[in-house]
Structure formats: structure tokens, C-alpha cells
Amino acid sequence: MFHVDLLLLDLVIVLISARLLGAVARRLGQPPVVGEIVAGILLGPTLLGPLLGDRLFGDGMMPPLRALADVGLVLFMFVVGMELDQKLVRGRGRTAVTVALGSTLVPFVLGCALALGIAGDHVDGARTLPFVLFMGAAMAATAFPVLARIITDRGMQRSTVGGLSLASAAVIDVLAWTALAVVAGLAGAGGSAGGGVGEGADQWRVALALPYGLLMFLVVRPLLAHLVPARQRAGRLTPGLLSLVLIGLLASSWATEWMHVHFIFGAFVFGAVMPREGAERLNHEILERLEQLAVLLLLPMFFVVAGLDVNLRTLDLSSLGTLAAILVVAIGGKLLGSYAAARTRLPGRQALAIATLLNTRGLTELVILSVGLQKGVLDEELYSLMVVMALLTTAMTEPLLRKVYPGRRVARDIEQAGREALGTRAATRVLVVVPGSPAEQVPLAELAALLARSAAPAEVILAHLRPYPGGRLELGGGLSSELAELTETLHELEVLADAVRAHGPEVRVVSRFSASVGAELAELAAEAAPGLVVLPRGTPGHAAIRDGVACPVVTVASPGPPGPPPAGPVAVPHGQAGEDTVRVALTLALACGRPLVVEGGGRAPALVRRLTRLGVEVTGGPVPGDALTVAGDGAGQVTGPAAHLLVRAERDADPVDWPALVSALRRTPAESPVEVSVRS
């Protein structure tokens, strides 16, 4: 028997649980939807069981709770349709479609294959085709709203990774909803769960889905455009205008449900055909009114009700095997398909970040699973397992993304995107710390200029800080002496700048007195956000500078007496063949017209063969005694006393594009050998 008082109590319990566990999930760095689904699972038969769960959420209470959840789902899908930004794909169309196809087809095919293997245990023969297609669509889904929230929270919407992920997810949404509409139509045509007599006579309704879509986009969409001038005349969203929108939304949802597709498609399509041009204020006011009701009350109701249908008590060891297979297909298929497609156009780390983001299932997956359960395509056991999969794939996104694409990479991408938005080509900053007397550091400046070739266009910053003079300054001779010394220093720095300009890069000079040279140099390095730092060993604050930047750091060690470097090849010693180390050595070798020697095992032979195919004069033998030696400067590496340059590798670096690097370095002629020793 239905009891209003029990329904109201259930609503209180559901909302409190959703808010509390949603807040806990947010504190743990997870989307609130994760906590809301867990709240439903805890309130359902999994934890409360027959002692309390059946009394609070028994068979008499579930129909009204599901009805409220369905209304929330209608409003949510309408909001998703309205917020689906069709401009996301513009300018990224080909790449977005490529990534979306890879992210959809691979998990779809694997999901279909898995469904064929388990169909006999979960559906009868008449529903095998809808079941197989449904499992493929469920595996291929990506939660666009959750993905957008994660990207926005991390500020990635202005980066290449964030923008491309959103664009790809928008295309995936269209593909997933299309596939699901076909599955829902097939399941509806065959009789939905609990269908009555005469259900088969209604199969013709599914054929109306295509005319319905044409009617919505060709007729209803132009009619809805009249809402914009009506709102402008009224100066606000009137109750009459909002009523028209709600009537159209509910009518569209009813139409698709009547056609045995599903009401969510009617809500989604109605949101998609809402006017866009000049309708910003109208849509904002509609969303402001509806989101308060949907997000605060009805949508959490949907998530909790989705969790109430999960019963993990019924699972056995065979169910755990099925869950493992589902997770392998869902996670492996999505990551592999997305990464392989993105890797054709992007560096490896960016491609992996996009694959991680597109693995988010969240809200979209729950909507798809609820359709499968209502249409009788999924049984309760498989529904529970798929909800667990949706939870795990959503929960793993944030931690994995922080590992794959940390905050400093995001900041770097946002800065680059800002420069591109201004129409300027991003110049790589090469920071050169000039110690002692600038007149003695011409070899250091020329070294930095040569290294800047691998990152052209580049801007070289010559930083020279000196401590305040000791003693008290007096008016007269003392002050004049200090001013004269400062003027001479600036002149010497300008000579250094001219030496760098002779190699092509732009130059900026930073020179001043400092109360703490080491500390201020470290601050300057962090604020400059350089792409490369060049400094001598023994520079004040060397360790703080080295550890405070993410870019490669080249330390000039140059043991032995001052003078020109050996005239032999440029060499990388055994065990030091990291990509940044070899990149520095290759840059100097090609710039100075010297051969390159890469000694050691591991990846060194493969790298030698690759560079040889690119036409580089490179060998894999031992380091000659007259070589200019470039060694790694990382934790656990042994550089040896004979290293001239020590390279601390870039943090979170993308793999080096060797063909592009060699091509860029060859665009400038080789120069005479330069002196890399630094006089103290």
C-alpha cells in the first residue's frame, strides 16, 4: 500500500544521504555523482537488506521514487542537450572525429564480443541482438557532463587536451545516443519488460523515430527561435515562456517513449533544438530555473534510485569473473582506442591524458544502464555489475589524470594557448645565469645561443645579479665608483647580448644588485617560466634553481684549466642516453658540424640507428678522449669527472620528435666550435 508519509520520509533520507556522501566524494577529489550512487547502494538491499531497506524502500515506494527520478532525468537530459556546444568541434573537427571513432569503435566491438560470450546466462535468445548491441553501446559511452566538470575544475578547457577531449566527447555523445536509440527501438519493438497484450502490434511506432527527428530539427527548431524576440520584448523569462518550454519538453519526451525508443531521447533532442544564436540570456534563465530543481532534488533522486536497484549480495564468484571481464573490456577498450586514435595526431602524454578523460562513464553510463534495465535488456545481476564499472571508471579518472597530466603541464598548456590566442608564436625562453664578470662569459652566452636552436623561436634572457657592495656608501667618490662599475657591467652584458644575437635569438638582459643572489636567482628562474636554463656549476643558488623549474637544466661543469673545448666529437657516456641529454648533444653536434657518439646499451643502439636513418653522423662506440662530453644530471646517475655539460631532464616531458628536431637544426648552417669552459 502506498503511504504519503513514508514517501516524504524516503525523500528526506535520500536527499540527506545524497548531499552528505556527495560532499564526502568532493572532499576526496571525486565527482559528487560517485557519492550519490554509493548512497543509493548503501540504502538498498546491499547494506540495509530486508531488515530496514524493504520497509523504507519496498515495492510500494519504488514506483513513486522512480517516477520522480524519471522527471529529474528528463530535466537533466534537456540541460545536456542545451549545453551541448556544437562549436566545440569547429576547428578540431578532423582530430575530434578521429579520436571519437577510436574511443567508440574499439570498446563497442569488444563489448559486443563480451556480450556474445555471456548472453546465454543473462538473456533469452529473442533478446540476444539488443543485448549485444546494448553492451557495446554501454562500453563505448563517455560521461560528457562529468568530463566537462573535471576539465573545468582543473582549468583545462583552455588547453589543447581539454578542448579536444570536450570536442571528442561531444561526438561520442552523438554516436552513443544514436546507438542506444537503435537498441531501445529494437528492444521496444520486441516488447519491453512487462509489456502487455498487443505490444507486438505497436512495432510500427519505432519507424517514426526518423520522421520525428526531421520534424524536430526542420519545424520545431525554427518555431522555438521565436522565443528569443518574445523574451526580449518582455525583458525577462516570463512564466508563460517557461511553460511553453516545459510543455514542449514533456511532449517531446512522451513522443519518443510512445515510439518505444525512450523518453530521454525526446528530452535530449528538445534541448539540442533550442535556439543558440542570440539566445544566451534566454537559455541562461531557463537553465537557472530548471537546474535548481533538477540538480538539488530530482537528479540526486535518480542517482540514489539507480543505486537502490543494485544488490551486491546476490553476486557470487562467477559474478566476480564477469565483473573482471567487464572492467578489462570497458577500461582497456576505452583507453586503447582513445590513445591509439589520439596518438596519430598528438604527443604520447597528451594522447594518454585524453584517453584517461574519455574513460569517464559517470552520469551518461547510468542513464544508459537505466534504459537497459527498464527495457529488459539487462537483468539485475548484470545491471549491478555495470553500475560498479561506472563507479570505478569515474572514480579512477581524477587520480590517474593527476599522475598522467600534472598541474604544471596544465599550466604550461594554458600559457601556450593564451599566446596562440593572441596570434603570437610562442617563443621558448632560454635563461642564462651569468656569474662573475660578464666579459669572461662570452663562451657561456654562445653555448646558450646554440642550444636555443633546438627550440626556435627562442628568447635568451641573460640574468646577472651581484651582491650589494659592502660598507656604507658615501656621497662623492664611493657612489661614483659604484655607478661606474654598474655602467661597465651593463656594457659587458650588452656585448654578451650581441654575441647571442649573432646566432639569431632575441635577447633580454636582467641586471641588478641583490641582497641574496642565490635566492633571487631561484625566484627569477621560477617567474620566467623558461624552456631551458643554462648556468655554470657553483652558481649561487644552483640547487634551488635546478629544483625550482620543470624545464631541462644544462650545467656547465668544464673541469680543467680555462680554454677552448676539445675539437673532437660530441659524446654521451654510458648509461646517460636520456632523451634530453641526447637532444642537447645532438644540438651541439649539428650546430658545430661535429660527429655524435652515443655510448652504452639499453635504448642507445636503437637511438643510434634511428638518428643514422635521419642522416646524422652518429656512432655507438666508446667516448673518445678528446670528446665534448654531455652527461645526465639526474638522481642516481654517475656523471664522472670528465663531463663538460650536465643535463637535468625536463619533468613530465613529451617524447622528442627526432625527425622534426633534426630538420629544424639543419635549417641553419653549422658553425665553428664554441668554447664551453667558464672562467671563475
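Visitor: Are E285 and R231 buried or exposed?
Guide: This is a predicted model, and the answer is read from its computed accessible areas. A residue counts as buried under 20% relative accessible area and as exposed over 50%. By that cut-off, E285 and R231 are both buried.

Visitor: How far apart are the closest N and O atoms of E285 and R231?
Guide: A salt bridge needs a side-chain nitrogen of Lys or Arg within 4 Å of a carboxyl oxygen of Asp or Glu. E285 and R231 form such a bridge. Their closest N and O atoms are separated by 2.7 Å.

Visitor: Which parts does the pair E285 and R231 tie together?
Guide: The two residues form a salt bridge. They are 54 residues apart in sequence, and each lies in a helix, so the pair ties together separate parts of the chain. E285 belongs to residues 280-308 and R231 to residues 227-234, so the parts are helix α13 and helix α10.

Visitor: How many salt bridges does a search of the whole structure find?
Guide: The bridge between E285 and R231 has already been described. E459 and R429 also meet in a salt bridge. The search of the whole structure gives a count of 10.

Visitor: Which strands hold E459 and R429?
Guide: The side chains of E459 and R429 meet in a salt bridge, with 3.9 Å from N to O. The two residues are 30 residues apart in sequence, so the pair ties together two parts of the chain. E459 lies within residues 458-467 and R429 within residues 428-433, which are strand β2 and strand β1.

Visitor: Is R429 buried, partly exposed or exposed?
Guide: The cut-offs are under 20% for buried and over 50% for exposed. R429 has a relative accessibility of 23%, so R429 counts as partly exposed.

Visitor: What are the relative accessible areas of D547 and R546?
Guide: D547 and R546 form a salt bridge, with the closest N and O atoms 3.4 Å apart. D547 is partly exposed, at 45%. R546 is buried, at 18%.

Visitor: Are α9 and α12 roughly parallel, oblique or roughly perpendicular to each other?
Guide: Two packed helices are described by the angle between their axes and the distance between the axes. α9 and helix α12 (residues 263-272) pack with their axes 10 Å apart and at an angle of about 40°. The crossing is right-handed. α9 and α12 are therefore oblique.

Visitor: Are α6 and α17 roughly parallel or oblique to each other?
Guide: The axes of helix α6 (residues 128-140) and helix α17 (residues 380-395) come within 12 Å and cross at roughly 15°. α6 passes α17 in a right-handed crossing. Angles under 35 degrees count as roughly parallel. The two helices are therefore roughly parallel.

Visitor: At roughly what angle do the axes of α25 and α26 cross?
Guide: α25 spans residues 604-613 and α26 residues 658-666, and α25 passes α26 in a right-handed crossing. The axes come within 10 Å, and the crossing angle is roughly 50°.

Visitor: How many residues of α20 are buried?
Guide: Helix α20 runs over residues 442-451 and is mostly covered. Among its buried residues are P443, L444 and A445.

Visitor: How far apart in space are the C-alpha atoms of H644 and V556?
Guide: H644 is in the loop between β9 and β10. At 12% relative accessibility, H644 counts as buried. H644 and V556 are 88 residues apart in sequence, but the C-alpha to C-alpha distance is 6.1 Å.

Visitor: What distance separates the C-alpha atoms of P655 and E579?
Guide: P655 lies in the loop between β10 and α26. P655 is partly exposed, with a relative accessible area of 46%. P655 and E579 are 76 residues apart along the chain, and their C-alpha atoms are separated by 7.5 Å.

Definitions and conventions:
Residues numbered from 1 in each chain as written. Predicted model: local features only at pLDDT ≥ 70, side-chain atom pairs only at ≥ 80, totals over all residues. Heavy atoms only, no water. Helix = DSSP H or I, 4+ residues; strand = E, 2+ residues; numbered from the N terminus. Buried < 20%, exposed > 50% of the residue type's maximum accessible area, 1.4 Å probe, protein only. Axes fitted to C-alpha atoms, helices over the stretch in contact; angles between N-to-C directions. Parallel < 35°, antiparallel > 145°, perpendicular 65-115°, else oblique. Left-handed = near helix turned anticlockwise from the far one by under 90°.
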